[in-house]
Amino acid sequence: PEAVPKLEPLHRGAMRPYVVMGQSFTPMTELAPYKAQGMATWYGQTDVVRFLLEQGVDVVARDEMDGDTALHIASWEGHPEIVAELLRHRADVHAIDNVHRTPPITWALHAMLVENRKRNDAYRDILRLLLDAGATVTEDWIDDDRLREDAELWPRLSAAASRPADS
């Protein structure tokens, strides 16, 4: 059976500063909310993500360097259940990362179309969820015959390309 996450007190012995290979480290001495980035890297563990969100994790927090959000990562990794959970907690579908300068829907499109990742149905579900939440796209992001041939997604993606990003 899968482990059920729970909050536990920090062990007193593990809270002392220490040195490894000449570098000093100071452990956390109190419980703090996890970053959203950490949530999406739970390899599809929806229950863990749900638990962390219930504990007050900031769903719109960004990676300090790359600026991506948990919604970017879950969209990229192909986890529709996590995407749905993040959206229920008001994740920002329009968040732009610092590296690629794109929102989560583009990450899902890239994983599905450019990297040809398996789980095509998962990516289609993610696209539907993001579109339902108001995600927008640009014409060049959806310029692909595989999308044009998709009778259900193509009209929705085309409509999303013509609406403003703040709708």
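## Basis of the model

The model is predicted: local features need pLDDT of at least 70, side-chain atom pairs count only at pLDDT 80 or more, and totals for chains, interfaces and linings use all residues. Residues are numbered from 1 along each chain as its sequence is written, and side-chain values use heavy atoms, with hydrogens and water left out.

Confidence is given as pLDDT, the predictor's score for each residue from 0 to 100. The chain averages 83. A score of at least 70 is reached by 78% of the residues. Helix α1 (residues 36-40) has the lowest confidence, with a mean of 55. Helix α6 (residues 120-132) has the highest, at 96.

## Overall architecture

The chain has 8 helices and 2 strands. These are DSSP runs, numbered from the N terminus: helices are H or I with at least four residues, strands are E with at least two. The order from the N terminus is β-β-α-α-α-α-α-α-α-α.

Of the 167 residues, 40% are buried. Buried means under 20% relative accessible area, exposed means over 50%, and partly exposed lies in between (1.4 Å probe, protein chains only). The chain exposes about 10,200 Å². Carbon and sulfur atoms supply 53% of that area. Areas come from the Shrake-Rupley method with a 1.4 Å probe, and for residues only the protein chains shown count as cover.

Contact means heavy atoms within 4.5 Å. Among contacts in the chain with a separation of 6 or more, 63% are between residues 24 or more positions apart.

## Helix α5 and its partners

Helix α5 (residues 104-114) is mostly covered, with 9 of its 11 residues buried. The buried set is P104, I105, T106, W107, A108, L109, A111, M112 and L113. These residues pack against α3, α6 and α7 (145-148). After the helix comes N116, with a positive phi near 50 degrees.

E115 sits in the loop between α5 and α6. E115 is partly exposed, at 38% relative accessibility. Leaving out residues up to four places away in sequence, E115 touches W76 and H110.

Helix α3 (residues 70-77) is largely enclosed by the rest of the structure, because 6 of its 8 residues are buried. Those residues are A70, L71, H72, I73, A74 and S75. G78 follows the helix and has a positive phi, near 80 degrees.

The axes of α3 and α6 come within 9 Å and cross at roughly 145 degrees. Axes are lines fitted to C-alpha atoms, for helices over the stretch in contact, and angles run from 0 to 180 degrees between N-to-C directions. On the α3 side, the contact uses L71, A74, S75, W76 and E77. On the α6 side, it uses Y123, I126 and L130. The contact residues divide into 6 nonpolar, 1 polar and 1 charged. Here Ala, Val, Leu, Ile, Met, Phe, Trp, Tyr, Cys and Pro count as nonpolar, Asp, Glu, Lys and Arg as charged, and the others, Gly among them, as polar.

## The aromatic pair

The structure holds 1 aromatic pair. W76 and W107 form it, edge-to-face, at 6.1 Å centre to centre and 80 degrees between the planes. W76 lies in α3 and W107 in α5, so the pair ties together parts that are 31 residues apart in sequence. Rings of Phe, Tyr and Trp (its six-membered ring) pair if their centres lie within 6.5 Å; planes under 30 degrees apart are stacked, over 60 edge-to-face and the rest tilted. W107 is buried, with a relative accessible area of 11%.

## W154 in helix α8

W154 belongs to helix α8 (residues 153-162). W154 is partly exposed, at 23% relative accessible area. Leaving aside neighbours within four places in sequence, W154 is in contact with I142, L147 and R148. I142 is 12 residues from W154 along the chain, and their C-alpha atoms are separated by 8.6 Å.

R90 lies in the loop between α4 (80-88) and α5. Its phi is positive, near 70 degrees, in a residue other than glycine. R90 is exposed, with 73% relative accessible area.

R101 is found in the loop between α4 and α5. R101 has a positive phi of about 60 degrees although it is not a glycine. R101 is exposed, at 54% relative accessible area.
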